[in-house]
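User: I would like to learn how to read packing, surface and pairing features in a model of this kind. Could we take them one at a time, with the general idea before the case?

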Amino acid sequence: MQNRPSSLLPICLLACLTTSAAYGQTTTDAQREALVIQARQGALDTSIDGLKTLYHQTRDNRVREDLVALLVRASRNQEALAVCTWCQIEDYSDSELANLAGAARSAGDFDQALEMFRALTYRDPSNAQGWLGQALVHTDMGSYTLAQIALEQYNQVAGTTTAGLEAKGYLAARTTNAMQELDARQALVTQDPSNTGELQALYRLAVGLGASTAARRIMQSNPDVFSESDRLWLTYYEGVTDIRLGIHTDEPSRTANGLEQLNVVLRNPDAPQELITVAEYDKVVALAELRRFSEAEALAVRLENQHGQLPSYVTRARAHALNGMGRPHEAIALYEGLIRQFPEQATNPDDPLNEGLFYSYTDAQRFRDADKLLQTWRASEPEQRLDFTRTVRIENPNYQKVLLLEVLLEAWRGRPEEATEQLEAYQAQAPAEPYLWVVKGDIERDRGLPRKAEESFLQAIPLLPPDRKEVAEHGILLSRLQRGQWRGTTDEVARELVEARPSASRDDMAREWREMRAPQLSSTFERSKGQGSGTQASREWRYEVLLEGPRNSSGSRPFAQRIGQYGEFEDEDLYASYNIAGYEWNLYPATVTLAAGHGSQLNEDFLALAELKYAHNDHVTTTLGVEMNTTDTPLRALQDDVNADRYRAEFAYRHDERGAGALGLMATDFDDSNLRQSVYGYWNQTLYHLDRWQINGGIQASASRNDDVEASYFNPKQDASLAGVLSVNYEIPLDYRQSFIQSFSLGSGRYWQEDFDSENTWSIGYQHSWELAPTVNFEYGITRERAVYDGVPEYDNVISAGFVWRFL
């Protein structure tokens, strides 16, 4: 339809070439007719040359008329226009005007063409050629309203004709009025079903409109018109249509169907290279949308190496895939490049690039950049916007999105309490907005309040559309896993991972479930060297190695532990070690741990422990524990063949992610008839947290009373301590979920012991932590501290280290 119709030319040419000798058979007429017959027989150029000579000799109007017609027939348009440069419009016949107007249009002189076509309708308002020519020239010039008026005049004069339908289709194509063009094409095919050009044009138009069913029907009805390549292209277009509709309607199953159609094309050995290239581009989009991120990225890398820079829509899909793979820094570079290239797409109401860039910033812990992005974005978004009719004002979805992202950013920057307050303010304005409840549930779960989170997700479910409820349902399942309610929940999780459509919530659930179940190996080590004796020895070290097996469907797991101790006292080396095996039963809301083992070296006796932990709610947990032959028995006591049993009760309270503490009672029964009774308490509080900086404070107190027995181990009649510590942490992001944290701590306290004066205590420490989630975390540090032993200050250097290795 893009080629200009030339329907006027045959009509005009016929009129000129059939001019009869109505004026009598003069010599000039005889020569003219002979030359015209010669043109009909194929000697077009010879005939034109003869007519040129004859016209220069005679200046006969009929010779000129035939010469113009033959020049136009030979597409020698400029020569036709130059035949009579001195002639005025009124000097030409109707057929000459029609031919010359067509020549001027073909030569791109639209003003001259329009003047000549108008002259035809001025002479005779019923001149169909004049109206049709004006419609075509107005379309060429972009005067679409005038073109439509001229076309309507033509239809009144000539009725429905092939030429009129072609002009209508041409105007529709230029104005991208696909439905009008489709109507014209269908009418042309109805008039002439054998018109292969129009059949192919109608097929391409149907494909472009996404009417793949109609396109396939055209192809099946006319198998000889279309090639195998055409059929492959149709399969490709059907696949792309499914992918685009699947993305637009959020139907992954439709996107998956489109991907399979692309694979059919790509598996065909006869597919042309051009088709293979575009199909692979769209395959990247489909894979990324289906959250098959690693496949999408691998294909995108190959295509970039093969063809150079990727199309923008493929680059966008690749950025989405990179962020989903935990490579936000690379995604940021792509998003920022796209926004520089297409700034209007940053705030596109349907799919703003700013949203993808925001999530990439936050995943990379570039919170300040995310904040600046939201501020700029919010300033450009009105609270309301016009709908697609440009007549009705509706809520601006981008403005609402920015408000919600601001809440999430507050929580992720370390201020979840402030985020919760802001969210509740929005809920007061829109209590029936389901996604506010979903976001609230996510924030509460991040704050370690899974029961409250489940309540929020339950509020969201009846408000969500039926095909969108999974985001809240997955939140509920994760909340139950987090609080320990594994029995039954794991079956639902497994079913959801098989049946649920691809989504971010499904991916989060799969990741967290995998990490919660994984076996892990952890170890701690501590080495101290002081001047006094402390509770164990003047030089001592202790290590623990714990291997925990995978959790089963009920959340229970076996474990094995190795504990080793070394101390030096009065120039004598003291060793003790323990090998323990046990099992942790998840009996939600209770957890029972039973273990047994055997000591070696100074302690070669059997040992056992039992612990019952009960979580009353998100805030309160109580613990009861018994340790027979406790591993905390002082080395000096073991040297004297004194073992100890310990009994413990603890009440723990966790207010939120910022503050938690506990109160506990403990009784240690030594074999030498000494009963140590202890009470302790502590509280840890986050005082400040924003982005990389975090300041924590802690306070702890303890007191003990011992029987008056002769013992080589530290055994004060009564003592008490009170201490506080302040720590400053600075986090350096390394990659997604990976950070390096430096901590500096400063502590001070007071220690009192019966029969001795109270003394000040203090500590100063420095520590490194490497969080390389989800597999490895390790830390190490050194502390200088001042303690008191029987009224004598003791200065000690403590080196500590530890790691956790999760097997995924």
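User: Why is helix α20 described as largely enclosed by the rest of the structure?

Analyst: An element is read through its buried residues, where buried means under 20% relative accessible area, exposed over 50% and partly exposed in between, with a 1.4 Å probe and protein chains only. Helices (H or I, at least four residues) and strands (E, at least two) are DSSP runs, numbered from the N terminus. Helix α20 spans residues 353-363, and because nine of its eleven residues are buried, α20 is largely enclosed by the rest of the structure. This is a predicted model, in which local features need pLDDT of at least 70 and side-chain atom pairs count only at pLDDT 80 or more, while totals for chains, interfaces and linings use all residues. Residues are numbered from 1 along each chain as its sequence is written, and side-chain values use heavy atoms, with hydrogens and water left out.

User: Which elements do the buried residues of α20 pack against?

Analyst: Contact means heavy atoms within 4.5 Å. The buried residues, including Leu353, Phe358 and Tyr361, pack against α18 (312-324), α19 (328-341), α21 (367-380) and α22. Just after α20, Gln365 takes a positive phi of about 60°.

User: How many residues does the largest nonpolar core have, and which of them have the most contacts inside it?

Analyst: A nonpolar core is a set of buried Ala, Val, Leu, Ile, Met, Phe, Trp, Tyr and Cys residues joined through side-chain atoms within 4.5 Å. The largest one has 33 residues, and Val83 and Leu100 have the most contacts inside it. Among the elements that give two or more residues to this core are α2 (27-40), α6 (94-106) and α7 (110-123), and the largest share, seven residues, comes from α7. Leaving aside residues up to four places away in sequence, Val83 touches Tyr55, Arg64, Leu67, Val68 and Leu71. A second, separate core of 32 residues includes Leu322, Leu338, Leu353 and Leu409.

User: Which cysteines are joined by a disulfide?

Analyst: A disulfide is a covalent bond between the sulfur atoms of two cysteines. It is assigned to a pair of cysteine sulfur atoms within 2.5 Å, and by this rule the count comes to one. That disulfide joins Cys84 to Cys87, with an S to S distance of 1.7 Å, and both cysteines are buried. The torsion about the S-S bond of Cys84 and Cys87 is about 75°, so the disulfide is right-handed.

User: Is Arg413 buried or exposed?

Analyst: Arg413 has 6% relative accessibility, so Arg413 counts as buried. Arg413 is found in the loop between α22 (397-412) and α23 (416-429). Not counting residues up to four places away in sequence, Arg413 touches Phe367, Arg368, Asp371, His689, Leu690 and Asp691.
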